[in-house]
Amino acid sequence: MMIQPANRISEVKEYYFSKKLREIDEMRQQGIDVINLGIGNPDRSPSEVVLEELNAASANEGNHGYQSYIGIPELRNAFSGWYQKHFKVTIDPAKEILPLMGSKEGIMHISMAFLNKGDKVLVPNPGYPTYASVSNLVEADIVSYELKEELNWQPDFEALEKMDLTQVKLMWVNYPNMPTGANATLELFEKLVAFGKKHEILICNDNPYSFILNDNPLSIFRIEGAKDIAIELNSLSKSHNMAGWRIGMVAANPTFIQYILRVKSNMDSGMFKPLQLAASKALSLEKDWYVEVNKEYLVRRELVWEIMDILNCKYDKNQSGMFIWAKVPETITSAVDLSDKILNEAHVFITPGTIFGKQGDQYIRISLCSKQEVLEESITRIKNSINL
Ligand SMILES: Cc1ncc(COP(=O)(O)O)c(C=O)c1O
């Protein structure tokens, strides 16, 4: 007897990184010391007060049971206060916030809550691969929209208006943008909200990078009336060095939150209370926390720029977020070839932009989540072994 998997997974490829990590593991087993500059996984600790709260709350016998589906009031209030303080946006903690186990799961919950089979979804190219894979899992039809360097990686609204938008139900946007590092502007959010309202398309802004190398965090909810048509995801993964904790949130109007909750409440049974209490502490940290986090990224960014310079790659120095995105020289036909060459010859892994969509074909992306000495070692290796 052959048990076949469901059709829906046939469209979903193994996550590129899990395949690549296996390859890197194999190289390491052969004794090759590979440096991985690919993944945006913050390597530093959360704030001391956050760890203290986690420890103290874990020691309390009453904190180990199931929790409510909607998060404890302390955490919802903390998210609301965080948005008010840093984004200048008012979100009702009782009705407009749902804590999540990272923003990634929110992409699935939102898709399940709003998309029927055959509905169309606008997905950015280049973009975070999960938007497309989740769309495939819910059997929605992907309509890819191009982000172009000439437009500073913002959506091309003229081109969008010319597309057939009937049956498009949802649009994924992500500013500050991953992988390109392009920042958000209020003007962009204004255009997105107007576009969503005009065509009755739900605009989902995925916003996990707003505190990294960015002095002015922006939310789509700064635009008046945005809650009628937009949803925003946010996360503590990057802003608070808590990627493994799996803490994020979705903000939306109360009706949308109820739709999403109908999915989520059937998938998990609440988040561990000490994590929620500690996350609440993280959200109340003052500005100096973000300054400290960024101080290190600023130094690392210089080193990554140096790697890009050695590789003759061109990049914008005003990028936000946790990566540097750069264009490979004209002489290189594909970023995958360049990435493989650097992996095989310098034993350094750099992400080829191709994995974020066709528009990424001529780009590479380096993460800022490696220590300075690792970046310095990468510079030495690449200098000594790569001849372009
Ligand atoms: C654009 C984007 N959205 C969402 C996520 C997921 O983050 P989280 O850890 O909050 O699930 C990532 C993580 O790399 C990301 O790059």
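A residue is counted as buried when its relative accessible area is under 20%. In the predicted model, Ala252 has a relative accessible area of 2% and is therefore buried. Ala252 is found in the loop that runs between strand 8 (248–251) and helix 8 (254–264). With residues up to four places away in sequence set aside, Ala252 touches Lys95, Glu96, Phe221, Ile231 and Ile257. The C-alpha atoms of Ala252 and Ala226 are 9.2 Å apart in space, and the two residues are 26 apart in sequence.

A separation of 19 Å was computed between the C-alpha atoms of Ile324 and Val173, which are 151 residues apart along the chain.

The domain assignment of the chain gives two domains, with domain 1 made up of 7–45 + 288–385 and domain 2 of 48–284. The C-alpha centres of domain 1 and domain 2 are 25 Å apart. The contact between them takes 35 residues from domain 1 and 37 residues from domain 2. The size of an interface is often given as the accessible area lost when the parts come together. For domain 1 and domain 2, the area buried between them is about 2900 Å², with 58% of it on carbon and sulfur atoms. On the domain 1 side, Tyr290, Ser320 and Gln359 supply 23% of the area buried against domain 2, more than any other three residues.

Between domain 1 and domain 2, the count of salt bridges is 0, whereas the count of residue pairs in polar contact is 16, with both residues at pLDDT 80 or more. The elements that give two or more residues to the side of domain 1 touching domain 2 are helix 10 (287–310), strand 10 and strand 13 (363–367). Helix 10 provides the largest share of that side, with 7 residues. By class, the side of domain 1 that touches domain 2 has 16 nonpolar, 11 polar and 8 charged residues.

Salt bridges were then considered over the whole structure. Side chains of opposite charge can pair when their charged atoms come close. A search of the whole structure finds 21 salt bridges. One of them joins the side chains of Lys20 and Glu23, with an N to O distance of 3.3 Å. Both residues lie in helix 1 (residues 16–29), where they are 3 residues apart, about one turn of the helix. Lys20 counts as buried because its relative accessibility is 7%, while Glu23, at 34%, counts as partly exposed.

Another salt bridge is formed by Glu53 with Lys281, and the closest N and O atoms of this pair are 3.8 Å apart. Glu53 lies in helix 2 (residues 48–58) and Lys281 in helix 9 (residues 273–283), so the pair ties together parts that are 228 residues apart in sequence. Both partners are partly exposed, with a relative accessible area of 21% for Glu53 and of 35% for Lys281.

In helix 12 (residues 372–385), Arg381 and Glu377 are 4 residues apart, about one turn of the helix. The side chains of Arg381 and Glu377 meet in a salt bridge with an N to O distance of 2.8 Å. Arg381 is buried, with a relative accessible area of 15%, and Glu377 is partly exposed, with a relative accessible area of 35%. Elsewhere, salt bridges that share partners join Asp43, Glu296, Arg300 and Lys371 into one network.

Notes:
Residues numbered from 1 in each chain as written. Predicted model: local features only at pLDDT ≥ 70, side-chain atom pairs only at ≥ 80, totals over all residues. Heavy atoms only, no water. Domains from an automatic or database assignment. Contact = heavy atoms within 4.5 Å. Buried area = accessible area lost by both parts, 1.4 Å probe. Salt bridge = Lys/Arg side-chain N within 4 Å of Asp/Glu carboxyl O. Polar contact = N/O pair within 3.5 Å; in protein donor to acceptor, adjacent residues only side chain to side chain. Nonpolar A, V, L, I, M, F, W, Y, C, P; charged D, E, K, R; others polar. Buried < 20%, exposed > 50% of the residue type's maximum accessible area, 1.4 Å probe, protein only.
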